[in-house]
Amino acid sequence: MTTPDLTAEPAGDCAPPREPGPVVRWIAVGGIGALTALTVWGELVSSASALIWLDVVAGIISVALTPVLLTRPVPAALGLAALAALSPAATPAASLGTLQVARRRPLPTAIAVALAGVAAQALRALWRPGVDLALVWWMLLVVVAQAALVAWGAWAQARQALLASLRARARRAEQEQARRITEARSAERTRIAREMHDVLAHRLALVATHAGALEYRPDASPEQLARAAGVVRSGVHEAMQELRDVIEVLRAPDEVDGADDGADISSLRPLPALPDIDRLIAESRAAGAVITVRDDLADPDDLPGPAARTGYRVVREGLTNALKHAPGQPVEVCLTGRPGGELAIVVSNPLPPAPATTIPGSGTGLIGLAERVALAGGTLDTSPTATGRFRLAARLPWPG
């Protein structure tokens, strides 16, 4: 499953500014317009100087530049700082410019704009004093105000970056959880598919062997033909039942709300283990296979479950391959082992004089078996011997 790369999502200082909506623009323009009008009125009432026309022009320009602060804060803030050096009517918009730069740009840029605002207020205080405070105290108030604007904007930017990071982390966690669920389902279904391949391959090999007897032995007695037909019918019935089980398990996670992460193989029939080998061999013998068993196991009931099930699969795969690829050839099964040592299983049969092609195979049985044996901590060897036999040998640990 492909997971989107959320690490590339910009956040914090690297995040592109969002374009504000028209409502935000109108609120900003209206607020700055009101403050500018109050400032111009205050200048008119307090001094009635000949520079009132300059205040009106500066106020109009500052209000016009307010929307630009929301999209290009640095140039607009510097332009407003220059206007603030000429008229106090530009001070509200220039203060908003400092705040916007601090919210949307790195801290050094915000400090530089704030220093430009302090310099503008100092220049205006020198050539156009308008407050009853000493210049030192006035500049102290300006510095404190600019520092507060920078701190407020930096805090807002850090909070926005933190929220963006938390949202990205939440999305990554959700996608990682979805990926884990998908992988768990895929792994469980693959495990079920392998189990059903092992079961159905052996079952269908027996059916094909009996069906072959019906085809090539038309001279058999009616009792023999009836028995073979009964085995075929029973084998097909078992195969259909096992196939129905796995289909129900594979469909369950997608049809039931709140299903577990992946199909649960426990709803299938109990998995056979090493003590069930006698029944497996009896079925193969009933299909006409000649099987010799050499059992030197100390106590198969003491074998741990995973090793016992893997051992059963080794024997079943060996018998299935013998039925499919070497029909009519005798098969030898050797079982040795004891607690504290290892379980050794060898299934061998003579190679047929010509390849048998009556029963097709998927070619994945031995591959899946090798993975199962490796997961159980054992080793698997499949190779022809110098004496013209095919040998399937597995060794599994048997804890004491």
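This is a predicted model: local features need pLDDT of at least 70, side-chain atom pairs count only at pLDDT 80 or more; totals for chains, interfaces and linings use all residues.
Residues are numbered from 1 along each chain as its sequence is written, and side-chain values use heavy atoms, without hydrogens and water.

**Exercise 1.** Find how the helices H4 and H5 pack.

*Solution.* Step one: locate them. Helix H4 covers residues 91–104 and helix H5 residues 107–127. Helices are DSSP runs (H or I, at least four residues), numbered from the N terminus.

Step two: take the geometry. The angle is about 165°, and the axes lie 8 Å apart. Axes are lines fitted to C-alpha atoms over the stretch in contact, and angles run from 0 to 180 degrees between N-to-C directions.

Step three: classify. H4 and H5 are therefore roughly antiparallel (angle over 145 degrees).

Step four: list the contact (heavy atoms within 4.5 Å). Thr91, Thr98, Val101 and Ala102 of H4 meet residues of H5, including Val113 and Arg124.

**Exercise 2.** Do likewise for H9 and H10.

*Solution.* Helix H9 (residues 305–325) and helix H10 (residues 365–375) pack at about 160°, axes 10 Å apart. That makes H9 roughly antiparallel to H10. Contact residues include Arg313 and Glu317 of H9, and Leu369 and Arg372 of H10.

Terms used: Helices (H or I, at least four residues) and strands (E, at least two) are DSSP runs, numbered from the N terminus. Angles under 35 degrees count as roughly parallel, over 145 as roughly antiparallel, 65 to 115 as roughly perpendicular and the rest as oblique.
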